[in-house]
Amino acid sequence: MDTDDAADEDGTEPTDGSREDVPVTGDELLETFPRYRDEEDVSVLEIPGREASTVPNDEVLRPELAGPLEYDLYAHQAEALAALEHDENICVATSTSSGKTRIYALQIARNVLEARARGERSTAYVLYPTKALSRDQERELNDFFDVLGLDISVRVYDGDTDPGETRRQIREGADVIISNFAGVNTYLHDHDRWARFLSTCDLVVVDESHTYTGVHGMHVAWVIRRLKRVLEYYGADPQFALTSATIGNPGEHSSALIAESVTVVDEDGSPTGPRELVLWNPPARARADGSDGDSATAGGSEDEADNAVVERVPASVEAPKLLSHLCYHDAQTLLFTPSRKLAELSVKRASTHRRDRSRYYANPDRGSEIEPYHAGHSRTKRHGTEHRLKTGALDGVASTNALELGINVGEMDTTVQLGYPGQRQSFWQQIGRAGRGTRRALSVLVAGHRTLDQYVANNPDYLLETDVEDAVVDVDNDAVFARHLLCAADELALKGADAGAFAERERLERAVEMWCRAGRLAGHLETGISYVGPPRPQGSISLYATSGEEYAVELADGVDERHDPEMEPLAEERVLRDFHEGAVRLHEGRQYEVCAVDHDSPRPTVTLRPTDADCYTRTRTDVTVLDAVSEESREIGDFTLHFGRGQVLVYHGTYDRVDVDNGDPKEQGLPTENPPLSIETQLCWLEVPDALERALVERYREFSLEDEDGDGDEDGIAETAHLGYAGGLHAAEHATIGVAPLELMVDKRDLGGLATLSIDSHLERERGENGTTGKGGTSGEAPRNVAAAEATVRQIADGLEHEPKSGWFIYDGIDGGLGFSRAIYENFEAVAERARELIADCDCGRVDGCPACVMDDQCGNDNQPLHREAAVDVLDRLLGNESGEALEADAAESESGSDRRPPLFYS
Amino acid sequence: MTNRDGARLLALPPSAVLGRPTETLADVDTTLEPDAVWLLGPEREARAFARTRQMFDAPAFHPPLETDGEVVSRQPIGTELEIAVVRSLRALRASPADVSSALSDSRSTPIAVVCDDVTTTTRPTALETGLEGAAELAAALPPGRVTTVLTSGVPAGYDELWHLAAETGAIRAVEHEPQLECEPAGDDCVSVRVRGAGPVEGYGGSASLSVLELDETGVTAVDTYERSDFGLEAVAGIGPKTAERLADAEVTTRAELLETPIDKLAGYPGVGRDSAHRMHRHATVLEAGEPRRLTDESLPAESGRPPLCLDIETDGLSPTILWQIGVYDPADDSYRAFVERDDPDDPAPVLEALCDWLFASHPDRALLTWNGWRFDYRHLGAFVARHVPYYVEEWESVPKFDLYDWAVREGHALLPGRTNKLEDVAGALGYEGAETGLDGAQTAAAYQRFLRTGEEFDWGRHEAYCEDDCRALWHVYERLRDAPRATDSSDTSPAEAEGATPSGTTGGEQTGLGDF
Ligand SMILES: [Zn+2]
Ligand SMILES: [Zn+2]
């Protein structure tokens, strides 16, 4: 996103050349920050700058366009424009402020000039991920076309646009219409009203395309496919221009979104100055005196609030101090926080820090103009803050990621991140806010307690590796496909020609048959299929859930509207896990309690009321996998890795109330009143070779669980020889899921896992074994609850005629699947490598690990058993590391091969 | 109201009975004149059933309460017909033979079986739709022929023919157009024609009542109504809450509403003077069966030559061809149909013929449709632009009017008729139609079959259907033209007439769709 383009043109760019460098360097920060530090806790990395690489404008552009431009094009801009000239689709994946907007703006200008010369029109559909960005970019584009001296009308058309005449005028008159995908989904219903605009459409822009991943990404992919159908109907065949933050697979991701080939432009020709990157792990908390005891505050986000073993000062306390300190030293600083509440709190804490250290900060007013910024503020207030940042009137801002995407606030001296933002892509986009032109910049990452934060703090090189996460978007989810198919039929009759273009024929025919049987579609593919269900199927699409079963989030009766959390509707899977009755949730930094959940009405709802509790809630989950069918497999050494589909039964049956301060449970085992959830989804699983299993069972056979409360051994397995090995699988399962976001743009909350000593009993049974096939299409046979499913699994295990394989499953926790476990299947070695590092490098020194390595608050088995060493052994062997080879010796001596293995499994 | 040869079965959900005033149910009874009332299962609703039996003259049944110690009971519908009512799938599972014997009774074979547990189950992740109860039906129903099963488990209008393996109930195939062709699939197959009577999701809430027209062949037609089409709520501006308040004041019928003075009505909470007037006016319209104009606005194309009344037939709701375009010219009482009979792959000739004729012979005439902005004009515009682009400009310059839009959405008139379907409105205004027994969906399906198979097509019947709609439209237009304008009527002050425009219809069932 390049909102700074126009600023370049109209000369508002700050031209203060008096300071060559950032006001504070990394080393100066370490020297001046008023506190003793352990050297091990901080690393300073140097990232070199980059020279500009430009191409003269007149080599690329016709004179009318080249003339008015003050600066030459960067090489990547020229390359992208050349590709567009050759009728290619493009994806530009370069840094923040590298002039991506200008590429499509110039292409629009070229198209319009050419069309006008022929006496025709040319239009462009420009799609942003948020409405705020749409308004911002409307201004930027208009300003840019003014500079070019072109009369090109750019209008926003979205949910905030006045209905009626205004909309009609835009549809009929605008050259460029700016909208978002929720809008496109809706407006396709009335495509005949858009005929003028669509039939002359030469360019579709998908800005910030990397944001379209997971469930949202697949909806967007289908909206684009529907849009293309309608465009084709009106005789338009536009090019696509996508712009993306730097991601690992821009070409693949873009092609998956638009179902066409895409030329990737990722050689960044824009200049940057050198940058210092400080990884700042907060110091150990002073336990007794409480001088750093702002610990009454929850962690930064839902995920962070979970720590039982908290040793370091939380990032939410440490980062505001850095913000305060840097501002004091004349560095205009932008602090990124994970929530609105923390943005507000950070500003207060920054000033508290000044007062607490008044001897050091002798002049309390120096650099003290610091404001919060987030989407909860009014538009006027936000514009005011943006303006004061741009003009230098503000010394610092604490902001949510609302300032990560595109809004034009000029450039800062320094960024501070309160916690690792979870993705390298996002990390780079945020720190890209620091750096004035080619001068030095400083960025500080304050690590939180979470697994990923600690991984990054301990492995600084991770951030500097050239690879960035792959963005995962997947169109294999049939539930999502089927819903968009209804919309497509409503928009234009489905015909044989849609086979191949819209969906592969067999899939299309099956989906059509399904809906005809359900009375939602009518007709035949030869002659045309129409939608005949309730009006406007587009309205029932939620761009954030896979099924129509989504829950509206409402405020309890009598609660003031201003407490409205304004949440997107929730997918059923999320409601059952996180929004059961009695759950206490943080949303955008505000705390809510769920007071009612209505599962049964045609329009299911979750009702919230604001609360101020000193605890949060954590569900306990039983999971099992049934009827998994392998669709693909591959060997990794002597391991076998599978990808396939299966049924996952999830039961979030009880929950605990946990103290915010120390993570201690206050109340345990409260009922959620949830129904069990059964999803049919995608999964991958790893089978460990028998010899390794025997060796590890032998090596760790002494391991046992301390059965503190005496009732933990419900299955009578605490003493089994397999427990240490099972703990290794369980730990490896947690760790591989935990680090998946280091390699892939996946949301850990959408993944689940199951470690098992008997993979075979979770697979679909062969015909004949136990007399039945697994599914056979009769829904009546599937177990209705988790207990029954677990019993089934044990029963199958007992009936197996051969020794089963052991290993672990990773599944997509969303009905129909998201492509996440598929991506993990394809990148398993890289994920395993990260998991190994995480476990081996953690300095907790405990056999069963800590929350920063293998413990997981979503664990269905209370994080037992876990065995770090055994997990590292398995991963070493998988990765072909030497220590893995040595295990064979143990195996040879093993005498436990004949032990009957218990059918243990842990989620 | 149309087909009196057969019998009428009213399908009534318990929610439409409980908590509704007696008078509203009486209005349902007198308006729909059922020969039998089916209080829908599968939930057992004893109270609702007692009330239903009390309120309706016709015999009533409620499957969960049809005990008599039998799994199946027989229910006469009118004088000639009979249906078999099954208590539940569970009962059916327990003794399938009872149903078999009931159905093979040679003295009188029931025309359908009612079972409210039968429903479809869709699993999008597997791209499969199954039939709940398939195994039970396969075990109980006779193989080698088609049995109609009526259920509230699927919406009214649902009509699919499921061929089930007689042995197992496994799905062999599903025919999607049994209204065109309904044959059994062999002696080892139980063929079940499942027809819905459950609530239909619509634009404004749910149409939850349906009337099934039956004859000895089964179901011949299904009409749906909303709860609010009856009683006081049929009056625009009276929702459930207002109806409740009025009921507290012992105003429960439209006649009583009309007897209540405006001043008094206006005094009730949430009513006010304007809406009190509005209620009176609409109640009068409904009671008298006479339309009423609310403004001084002239009818579309009222001066000069009358508009041409137009109606199109397509091959589906998302059409690939507009295969029939009918135009009735009231000026000389002539009707003209443009029909594609020869090359159904090419949508252009019909459009070209229409345009040639229209621009050559009637260059200055306006067009009139019923709900045309949503359908006829919408598709005509798109098809003209695509297939006869040289006529686009002329087409766009033709004055086009939508009588439904003018009356209902713009709020210039009130119409009698319980729904806003042209057939209903025209019927309430005394129009006697041609009774082709068709509707738009059937016509579309039939034409699609002609497209696919080239089989013979009953052109006469389908053309008569289109012509009937054009003439019905003109009938409504004439009745509206003859209705007095706002200022002509005695109980309306000029000030009210001004204020009576669109806002007058934003409540109640006359609301149109929001603009997008
Ligand atoms: Zn650890
Ligand atoms: Zn676990």
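1. The Asp160(A)–Lys131(A) pair. In this predicted model, the side chains of Asp160(A) and Lys131(A) form a salt bridge, with N to O at 3.2 Å. Asp160(A) sits in the loop between strand 6 (154-156) and helix 8 (165-173) of chain A, and Lys131(A) belongs to helix 7 (residues 131-148) of chain A, so the bridge ties together parts that lie 29 residues apart in sequence. Asp160(A) is partly exposed at 41% relative accessibility. Lys131(A) is also partly exposed, at 37%.

2. Asp690(A) forms a salt bridge with Lys805(A), and their closest N and O atoms are 3.6 Å apart. This pair links distant parts of the chain, 115 residues apart. Asp690(A) is in helix 23 (residues 690-699) of chain A. Lys805(A) is in the loop between helix 25 (786-799) and strand 31 (806-812) of chain A. Asp690(A) counts as partly exposed, at 33% relative accessibility. Lys805(A) counts as partly exposed too, at 26%.

3. A network, and the total. Salt bridges also link Glu369(A), Glu371(A), Lys381(A) and Arg388(A) in a network. Over all chains, the count comes to 69 salt bridges.

4. A salt bridge between the chains. Arg378(B) pairs with Asp192(A) in a salt bridge, the closest N and O atoms being 3.0 Å apart. The pair crosses between chains: Arg378(B) is in helix 11 of chain B, and Asp192(A) is in the loop between helix 9 (181-187) and helix 10 (195-199) of chain A. Asp192(A) counts as partly exposed, with 21% relative accessibility. The cut-off for buried is under 20%.

5. The interface as a whole. Chain B and chain A bury about 3400 Å² between them. Carbon and sulfur atoms account for 54% of that area. The contact takes 45 residues from chain A and 34 residues from chain B. Two salt bridges cross the interface. The interface also has 18 residue pairs in polar contact, counting pairs with both residues at pLDDT 80 or more.

6. The chain B side of the contact. Several elements of chain B each supply at least two residues to the side that touches chain A. The strands are strand 7 (119-123), strand 8 (128-132), strand 10 (159-165) and strand 11 (171-175). The helices are helix 11 (376-387) and helix 15 (440-453). Helix 11 of chain B gives the largest share, four residues. By class, this side has 14 nonpolar, ten polar and ten charged residues.

7. Strand 5 of chain A. Five of the five residues of strand 5 (residues 123-127) of chain A are buried, so the strand is largely enclosed by the rest of the structure. Both faces are covered. Thr123(A), Tyr125(A) and Leu127(A) are on one side, and Ala124(A) and Val126(A) are on the other. Strand 5 of chain A runs parallel to strand 8 (residues 201-206) of chain A, joined by five bridges. Val126(A) stands opposite Val205(A) in that pairing. Strand 5 of chain A also pairs in the parallel sense with strand 7 (residues 176-179) of chain A, over four bridges. There, Ala124(A) has Val176(A) as its bridge partner.

8. An open sheet in chain B. Five strands of chain B form an open sheet of mixed pairing, in the order 3-2-1-15-16. Strand 3 (60-61) and strand 16 (218-225) of chain B stand at the edges with a single partner strand each, so one side of each has no neighbour in the sheet. Strand 15 (residues 209-215) of chain B and strand 16 of chain B run antiparallel and are joined by seven bridges. Leu214(B) has Val219(B) as its bridge partner in strand 16 of chain B.

9. A buried histidine. His62(B) lies in the loop between strand 3 and strand 4 (72-77) of chain B. His62(B) is buried, at 0% relative accessible area. The side chain of His62(B) reaches the backbone oxygen of Leu39(B) at 2.7 Å. A polar atom of that side chain lies 3.0 Å from the backbone nitrogen of Glu45(B). Leaving aside neighbours within four places in sequence, the residues in contact with His62(B) include Leu40(B), Gly41(B), Glu43(B), Arg44(B) and Phe49(B).

Methods:
Residues numbered from 1 in each chain as written. Chains lettered and ligands numbered in written order. Predicted model: local features only at pLDDT ≥ 70, side-chain atom pairs only at ≥ 80, totals over all residues. Heavy atoms only, no water. Buried < 20%, exposed > 50% of the residue type's maximum accessible area, 1.4 Å probe, protein only. Pairing = 2+ DSSP bridges. Contact = heavy atoms within 4.5 Å. Buried area = accessible area lost by both parts, 1.4 Å probe. Salt bridge = Lys/Arg side-chain N within 4 Å of Asp/Glu carboxyl O. Polar contact = N/O pair within 3.5 Å; in protein donor to acceptor, adjacent residues only side chain to side chain. Nonpolar A, V, L, I, M, F, W, Y, C, P; charged D, E, K, R; others polar.
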